[in-house]
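Please look through the structure below before reading on. The notes that follow go through a sheet, the helices around it and some charged pairs.

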Amino acid sequence: MAKTAAHLDFKSAFKMKPDPKEALVFKITALKGVSASDAVRTMRRITLAEQLVTTMSVGGRIKILAEGDSWINILWPESSALGYEMTFVNALAKDTAKYDTLNIGFPGDTFAEITKNPPQYKQPISGGQRQFFIFSGGGNDFLGGGSLAKYVKRFSQGGGSSDPRDYIKENEFKVILNGLKAGYRQMVKNVNVWSSGYTHVLLQGYDYAHPRNNGPWLGKPFKALGYAWDSDIAKEIVKYSVDRFYELLAGVADSSAKVNLVDARNCCQGNWHDELHPNEKASKKIAKKFDAAIDQILAVS
């Protein structure tokens, strides 16, 4: 007897694979034999169940809204059946005595989709409903996938230098970063207006990812540009790119007293689930940093 949408779980309804063209983005498609309507209903049930678990009616808790890419939401715990591990927001939300967490992120969303007008965070952030807004996005624009070739030179053009800057197409990289800066500044403006200045924004800029052999987001793109996937210079290029992104986010944070940047760099050392995602141990470490940042903000508010 065929399963109905009410009985389908994530593993029996969907396949979820990295999108090689978009870093941190997954292609989530219904399995053969699962109708489009059943797939929609199953996904809706899965996402709503996750939100309801962490937004149970308990007074006095800190209200968080989380939005963004697969660093925010990887459809865990349902996706654990396919081998995926919790995000730092999942780890933070597990403290249901302290936090009321509404996670509207989605692992299939790009930065452009997350920040499109009107963004889906408008309604839940409006009227001061959430004290904190955790946001993650932009990795698909620079951290591997098809974006890598837009601003990284071919290995042969670097002249054998050990300086990652010699392998960067600076003008092209600036165009990418300027686009992200504009998106982040607009997001901060939106949150400030829609929450009437109530909501604090918490940002992070990922960690120093390492390419893997035949990895879809870094290993293969670097190889296509003539780099050895395990070369020091490939790792240094990623490190340099992440640091530049943190510089951008620091500027965004400096522009508003309501914005704080949480530094997740070096949290994932030896604890990567794949090329770009933390494993559970690293996610818990990042969650502790966010927890500490929230406590610090509340202490001086």
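At what angle do helix α8 and α10 pack, and how far apart are their axes? In this predicted model, helix α8 (residues 170-194) and α10 pack at an angle of about 35°, and their axes are 10 Å apart. The points below begin with this helix pair, then turn to the sheet and to the salt bridges.

**The pair α8 and α10**
- The crossing in which α8 passes α10 is right-handed.
- On the α8 side, the residues that meet α10 include F173, L177, L180, Y184 and V188, while the residues of α10 that they meet include Y240, F245, L248, L249 and V252.
- Sorted by class, the contact of α8 with α10 has 10 nonpolar, two polar and five charged residues.
- The side chains of E170 and R244 meet in a salt bridge, at 2.9 Å from N to O, and this pair links distant parts of the chain, since E170 lies in helix α8 and R244 in helix α10, 74 residues apart.
- R244 counts as buried because its relative accessibility of 14% is under 20%, whereas E170 is partly exposed, with a relative accessible area of 29%.

**The sheet and the helices on it**
- Five strands form an open sheet in the order β4-β3-β5-β6-β7, and their pairing is parallel.
- The edge strands, each of which pairs on one side only, are β4 (99-103) and β7 (259-261), and neighbouring strands of the sheet are turned by 25° against each other on average, direction ignored.
- Strand β5 (residues 132-136) and strand β6 (residues 200-203) run parallel and are joined by four bridges, with F133 standing opposite V201 in β6.
- Helix α10 (residues 232-254) lies across β6 and β7, and runs at about 155° to β7.
- Helix α11 (residues 280-300) also packs on the sheet, where it touches β3 (62-68), β4, β5, β6 and β7, and its direction makes about 155° with that of β6.

**Other salt bridges**
- The structure holds 11 salt bridges, and one of them joins K98 to D291, whose closest N and O atoms are 2.7 Å apart.
- Because K98 lies in the loop between α3 (88-93) and β4, and D291 in helix α11, this pair ties together parts that are 193 residues apart in sequence.
- K284 and E280 also meet through their side chains in a salt bridge (3.0 Å, N to O), but these two residues both lie in helix α11, four residues apart, which is about one turn of the helix.
- K284 is partly exposed at a relative accessible area of 40%, and E280 likewise counts as partly exposed, at 31% relative accessibility.
- A network of salt bridges links R61, K63, D100 and R130.

Methods: Residues numbered from 1 in each chain as written. Predicted model: local features only at pLDDT ≥ 70, side-chain atom pairs only at ≥ 80, totals over all residues. Heavy atoms only, no water. Pairing = 2+ DSSP bridges. Axes fitted to C-alpha atoms, helices over the stretch in contact; angles between N-to-C directions. Contact = heavy atoms within 4.5 Å. Left-handed = near helix turned anticlockwise from the far one by under 90°. Nonpolar A, V, L, I, M, F, W, Y, C, P; charged D, E, K, R; others polar. Salt bridge = Lys/Arg side-chain N within 4 Å of Asp/Glu carboxyl O. Buried < 20%, exposed > 50% of the residue type's maximum accessible area, 1.4 Å probe, protein only.
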